[in-house]
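Dear colleague,

Please find the structure below, handed over together with its sequence. My notes on what was found in it follow directly after.

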Amino acid sequence: MERIASFNVDHNLLDPGIYVSRRDGDITTYDLRTRKPNAGDYMDNITMHTVEHMFATYIRNSEISDKVIYFGPMGCRTGFYLLIRGEDDGRVLRVVFEVLEKIIAHDGEVFGASAVECGNYRELDLASAKRECEKYLAVLRGRVNDFIYRT
């Protein structure tokens, strides 16, 4: 059986950042790596779940809303996948910055925080999501974001 592309990246060498995981036709999968893999520091489920609610809502209401295919967490709890159709990497990066800034500045309830809207609505915490986004935004601001894995 063929190995999937992401298993061919040495995760021990990855640092937090934003990478292009793959391009399939006009769909690009971005690896929003918020934590260093295999370092023992993983997102807890509540933080991961809340970032998912907030980021997905904000990006689906952004200037590239019609290009968003998917946003969701990695099972390893070290980041998120963002799938975008037919958009320039630089524009995606700018929107990712804007979305993170909006989450950090958000004053109100977590989006989708009800039993009608979510299958586990009691496990959401805006403060933890804001901390995660603040750390990740600082990482992105402090590095060259060329989308290339350094492995």
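Helix 2 passes helix 3 in a left-handed crossing, where left-handed means that the near helix is turned anticlockwise from the far one by less than a right angle, and right-handed would be clockwise. Before going further, please note that this is a predicted model, in which local features need pLDDT of at least 70 and side-chain atom pairs count only at pLDDT 80 or more, while totals for chains, interfaces and linings use all residues. Residues are numbered from 1 along each chain as its sequence is written, and side-chain values use heavy atoms, with hydrogens and water left out. Helices (H or I, at least four residues) and strands (E, at least two) are DSSP runs, numbered from the N terminus.

To return to the helix pair, the axes of helix 2 (residues 89–105) and helix 3 come within 9 Å and cross at roughly 145°; axes are lines fitted to C-alpha atoms, for helices over the stretch in contact, and angles run from 0 to 180 degrees between N-to-C directions. On the side of helix 2, the residues that meet helix 3 are Val96, Phe97, Leu100, Glu101, Ile103, Ile104 and Ala105, and their counterparts in helix 3 are Lys130, Cys133, Glu134, Tyr136, Leu137, Leu140 and Arg141, contact meaning heavy atoms within 4.5 Å. The residues of this contact divide into 10 nonpolar, no polar and 4 charged, with Ala, Val, Leu, Ile, Met, Phe, Trp, Tyr, Cys and Pro counted as nonpolar, Asp, Glu, Lys and Arg as charged, and the others, Gly among them, as polar.

The sheet is open and consists of 4 strands in the order 1-2-4-3, with antiparallel pairing; two strands pair if DSSP finds at least two bridges between them. Strand 1 (17–24) and strand 3 (68–73) stand at the edges, and each has a single partner strand, so one side of each is left without a neighbour in the sheet. On average, neighbouring strands of this sheet are turned by 15° against each other, direction ignored. Strand 2 (residues 27–33) and strand 4 (residues 79–85) run antiparallel and are joined by 7 bridges, and arginine 33 stands opposite glycine 79 in strand 4. Helix 1 (residues 45–59) packs on the sheet, where it touches strand 2, strand 3 and strand 4, and its direction makes about 165° with that of strand 3. Helix 3 (residues 126–141), by contrast, lies across strand 1 and strand 2 and runs at about 80° to strand 1.

Some single residues also deserve a look. Threonine 34, in the loop between strand 2 and helix 1, is buried, with a relative accessible area of 9% (buried means under 20% relative accessible area, exposed over 50%, partly exposed in between, with a 1.4 Å probe and protein chains only). Its side chain is joined to that of glutamate 132 by a polar contact of 3.2 Å, that is, a pair of N or O atoms within 3.5 Å, of which, within protein, one must be able to donate a hydrogen and the other to accept it, residues adjacent in sequence counting only if both atoms are side-chain atoms. Threonine 78, in the loop between strand 3 and strand 4, counts as buried at 1% relative accessibility, and among the residues it touches are Leu32, Thr34 and Met43.

Asparagine 38 has a positive phi of about 60° although it is not a glycine, and is exposed, with a relative accessible area of 52%.

Best regards

Definitions and conventions. Lists of a residue's contacts leave out its neighbours within four places in sequence.
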